[in-house]
Every structure is written in C-alpha cells, then in structure tokens.
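Hi there,

I'm passing a structure on to you, and I hope you enjoy exploring it.

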Amino acid sequence: DIVTLDVDESTNFTVRLRAPDEAKTNENGTVFVRVQSFTDASVWDGKKLLGIINPTFRLELETLVPNKWVDPGDSVDFLITVRNVGNMQGKVTIFVTSTNPRPGWGALLDKETLFLAGGEQQVLKLTVTAPADALAGSRQVVKVNAVSEDYSSRGDVQISALVNRVYGLDPGVDAPEVSIHAGEKAKYLVTVKNDGNGNENVALNSAKVPPGWVVTFELDEVEVRNLVLLSKETKTFTAVVSTPFDAVSGSTPLQVVLLDESGQDYVIGINTKIHQKYAVDMSSSKYRGEGAPRGLVNYRLTILNDGNGEDTFALEFGGLPSNLWGAGFFDMQGMPISAVTLDPKERKDVELRVQIPEDADRTEPVDFFARATSTSAETDDVKLTLDVKLPDLKIQTVEYNPAQPVALSPTQITVRVTNDGTYAADNVNVVLREGEKEVGREVLKTITKGSNATASFTWVPTPGKHLSLIHI
C-alpha cells in the first residue's frame, strides 16, 4: 500500500493476522512490517509483529434422533455426540436435567466425564426408562448438559421419550358351565381387565353359536355391545345365552369373543348344558285289524322321540285274552326287536304281529294295547282292536227220502249246512249218529260266509224207534 505524508505528519494502519483453522493452542506466527520511502529507498523503518494462537474450549452437543418411542417398563437409548469445536483439550462433565420430571422415569448416562482434545468428538449413550404403569402418549423430556472444567464453555441437547400404546385384556368367567332347561336363558359373569396403558373400547362378540340360539351382553341389566375400560380398570358384565325350546340336550360349547382396538381377539369358552326332556309319542296307521284263528294280524306302529335327547324306548303289549295269543315287535326288515333307540325328533316304524290261536272262539272284538316306555319311564299307549273272523255253522234243513223211513229199507238223509259267520269254514265234518254209534260222516271242503252246502247219508233203519243225531 502507498501512503503520502507531509513533513511531521503521521498515520495509522492495521495489520490483520489470520490463523489457519487447524492452528493449535500457543502456536505463533511472526510478521515483519517494513515502511520505505518511495522517493528515497534508503529511508525506511520496520517492525516485527508476533501472533500467538489463543487457547479456546467450546462445546457442542447434538443427537440425530431426538424423539423416540418406548414401551411401559422398557428402556430406549439415545446417542449423544459431544464435540469440542475449540483448539484446547479439556475435561467435560455430563449430567441430565428435566424441567418436568415424572415419577417413575429414569435417565442414565453411560459416561459422566469426557476428555476432549481440540476438534475431537465422542459419543455417549443416554438410556431413558419408562415406568411400568406409564400411560400411552405420556412424554418425558430430558436435557443432556455438558460443562467444561472451568465452566467457561457449556452445551446441551434435549431429547424426548414418548410412551407407546400397549394393548392387552385379561378376561375370565366365573362359572364356565351353566345348566338350564330348553327355552331358558343361561347367564355367565365375565370379568375383563384392561392390562393396556390406554383407554380401551372392547367390542363384545360371540362365536360357535348353534342355529336358533342367541347370545347378548348386559352391563347393569342394560344390553350393551361394547365395553369402555380405563387403563388397568376391571369390569364385570353378563353374557346371556338364550336357547330355543327345541334345543338338544347335552353340553353345547360356545365362545364369547372380546376384540380390542388393535384387532386382537380374546376367546372365552363357555358351555351351556341343556337338561334332557323325555317324551314319546306312539301312533298307528291302522288301529283295527281282523283275522281268523291261526292267522297273523300286523299293525304298523310309529314311535316318535318327542324329547330333546337320544333315548331308548322299550316296547311292550298287553290286554290280549290269554297267553295262547302270541304277539311280538319287528323292525321293517322283519327282525324281532324289544326296544328302539332314537335321536331327538326321530321317528321309526315297527310292526306288532299278533297270532290268533287256533281255538279262538270270540265273536266280540278283542281290545288290547301297545306301549313305548322311555328311559325315564315316560310312556305312550296305542289302543288296538282285533276282530276275530269265525264261521257260524248251522244246520238249515234235514230231509228224509222217503219222508217216513221204512224198517230195513234204505233211507236217504240230506243235511243242508249254512255258514252265517264272518269267515269261511274249511273241512266241515257232518256226522250222523244213532245213539253213540256213528252211522256216517261226510267232509265238506269249504263253506264260504253266507253260503251253504249239503251232506248226504244212506241209513237202513231197523224196526223200532230210533234217535238220530247230526253233528257238524
């Protein structure tokens, strides 16, 4: 630079020294400043200048992720970078503070003291622990502070730990099995605790419900479809199972399903036991039958299990005139049976076969019954009637030819037999007797009902009076 000065005139100027960025503490730089006359080069003067690097210690703190989520009772780590942007080494003390400390929270540094050279940086770890009962969305703010040994420099960084939403229900049922009659309601006391850390709106559902059954839910005798629970709150509600009147007996498993806001379901198994109702209905498509002696009369009977569970029904009959009358039950394949086992509302046809004895001589109807008896002694009878078809043979006429028998002369005797009964007569024996002596016998093969037939005999009477008898 050039400066023009008059005689005895003076001026000031400034010399600026700039140190390099990597200059160390106490390093120096020497500069010689020379002032020389522009007119006379022999006229000059100079000054030697010395620059010394001042010692500095300046702290900076930073973290790449200042906000993190943490589960209740768990911990989260923050990585903090502590940097000395000065040029002098020194000792650094690290500590944490909070403007709004919350009970139960913890903050722990893995290092409380650092030694940093100029331009050096180190990473420390801060571990923040949330309390086990921390509510969802709650937050703890922590400030990490760094101070130099002589307090000439300090730095800080702020981090935040936020509590995650945790879901969880703890359900239970007081009595998992309830016994009722069909058509009644079974009630179950269900207790559920919100183990999560936030308010929960629990949806109430059911599963594996048989057709015709209905499951509802009540809280304080008011029907509800969901349940609102605060964190750690416990409530008890009633699951009501309504059964139809035709519900099958036995234990029926169902499920009460609780659904939390995260979509997780919790299944509670319950059993509804239906008492067995015993009932039987016996009917017949034909209540009246007919047959002849030695004949077999069939009655088709239908047994209905009118109860609500599987049952076995014993079959019996009674009221027949004597033990000579045979009877028995048979399935539709002709196999003899004494009992039938039926599912609820199941029907089955059986046959009752009645054997009319050979010497049956009743002309009035035979009334008897068939009976089905359940396991619990519930019974139902069917009254049946059997008409025995019998022939009714009568001697209609007896003719003699000649009309006045002559001793020792053949006489033709003609006997007309009529059947006024309800059944044909086979192999009818017409016997002519004189006293105890059989004079003649003729067999009439068949006399149908309402018809007649004749038998003829030749008789040679001896002199005297005779008593002739004709038997059929």
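How do the residues of the lining of the largest pocket divide into nonpolar, polar and charged? Nine are nonpolar, four polar and three charged. Here Ala, Val, Leu, Ile, Met, Phe, Trp, Tyr, Cys and Pro count as nonpolar, Asp, Glu, Lys and Arg as charged, and the others, Gly among them, as polar.

Before going on, note that this is a predicted model, in which local features need pLDDT of at least 70, side-chain atom pairs count only at pLDDT 80 or more, and totals for chains, interfaces and linings use all residues. Residues are numbered from 1 along each chain as its sequence is written, and side-chain values use heavy atoms, with hydrogens and water left out.

Strand 1 (residues 28-36) supplies the largest share of that lining, four residues. Strands are DSSP runs of E with at least two residues, numbered from the N terminus.

Thr-30 lies in strand 1 too. Thr-30 is partly exposed, with a relative accessible area of 47%; that class sits between buried (under 20%) and exposed (over 50%), using a 1.4 Å probe and protein chains only. Leaving aside neighbours within four places in sequence, Thr-30 is in contact (heavy atoms within 4.5 Å) with Lys-48, Leu-49 and Leu-50. Thr-30 and Gly-435 are 405 residues apart in sequence and 186 Å apart in space, C-alpha to C-alpha.

Happy exploring!
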